[in-house]
Amino acid sequence: CRLFIERAVLVQFAKFVSELSYEDLPPQVVDKVKALILQALASAVAGSQWPGPKQTIRMIKQEETASRGGSSILVDGAKVTKAGAAFANSEQISAAGKLDSYQMLTHPSLTILPGALAVVEEAQSTGKEFITAIVAAYEVMLRMSNGYIPAVMARGFHAGPVFGIFGATVAAGKIMDLNEDQMNSAIALCANLAGGNLEGGMHGGRTIHQNGAARNAMLAVMLAKDGIKGGETVLEGNAGFYHAYTGNN
């Protein structure tokens, strides 16, 4: 009985994501997601003019230009690594402060959309597949964070990236057509890569929050696609994600 309980959360998430299709989505959900995508893209256009994103894009282009293929940096158009594009695009979307929000302290589009965009060109997905992946990502990220955001913030973590990496990973993994076992591992691997401390940003430091989460999500997805296992009890196990970030498993 205990083993079933410990496995249930991850197994149910992976099954839900793997089985979700565009035909399952109510029209109002599709409409809402289209609005969220357009809002995030408009935010990227505005944010691309800010000093922080300009600096980030310059650095990513110097260090991570793709030798073949690659993923596009929004507005700029340069082709870079998937991780580099996810990082730069997240920074552009966030810079102007025009963000979606869930329970005030998470901003899903800052990780979910960059995660999806980082892989969609190579996958050559349809619009319906892209929308379905975004829906799956919102559903998993917000269910994971619901009710836990204050506890995470109280422990010195920023809830946005702590939960945002899961959203970016689900979006990218769905677009890459990971099977259920691979999706299970991709979500599980996020528990090793989630982070985002509050202290630096509170005292004049540059925050690497959602952009870092979007970047780390690319590693989780690639590892899972290559067959690396993440473990099924990493969310609610005795030393798992919820124990570490909220103090209660």
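Predicted model: local features only at pLDDT ≥ 70, side-chain atom pairs only at ≥ 80, totals over all residues.

Trainee: What does H4 reach from its first C-alpha to its last?

Mentor: H4 runs over residues 82-95, which gives 14 residues. At 1.5 Å a residue, 20 Å is expected. The computed reach is close to that, at 20 Å.

Trainee: How many residues of H4 are buried?

Mentor: Buried here is under 20% relative accessible area. Lys82, Phe87, Asn89 and Glu91 are among those that qualify. H4 is mostly covered, and of its 14 residues the buried count is twelve.

Trainee: Which elements cover the buried residues of H4?

Mentor: The cover includes strands E1 (71-72) and E2 (79-80). Helices contribute too, including H2 (27-47), H3 (51-63), H5 (109-123) and H11 (210-225).

Trainee: Is H4 oblique or parallel to H5?

Mentor: The two helices pack with their axes 8 Å apart, at an angle of about 140°. Roughly antiparallel would need an angle over 145 degrees. That angle therefore makes H4, relative to H5, oblique.

Trainee: What is the handedness of the crossing, right-handed or left-handed?

Mentor: H4 passes H5 here. The crossing is right-handed.

Trainee: How many nonpolar residues does the contact of H4 with H5 have?

Mentor: H4 brings residues including Ala86 and Ile93, and H5 brings Leu110, Leu113 and Val119 among others. The contact also has four polar and two charged residues. The nonpolar count is seven.

Trainee: Which residue just after H4 takes a positive phi?

Mentor: The phi is about 75°. The residue is Gly97.

Technical notes
Residues numbered from 1 in each chain as written. Heavy atoms only, no water. Helix = DSSP H or I, 4+ residues; strand = E, 2+ residues; numbered from the N terminus. Expected span 1.5 Å × (residues − 1). Buried < 20%, exposed > 50% of the residue type's maximum accessible area, 1.4 Å probe, protein only. Contact = heavy atoms within 4.5 Å. Axes fitted to C-alpha atoms, helices over the stretch in contact; angles between N-to-C directions. Parallel < 35°, antiparallel > 145°, perpendicular 65-115°, else oblique. Left-handed = near helix turned anticlockwise from the far one by under 90°. Nonpolar A, V, L, I, M, F, W, Y, C, P; charged D, E, K, R; others polar.
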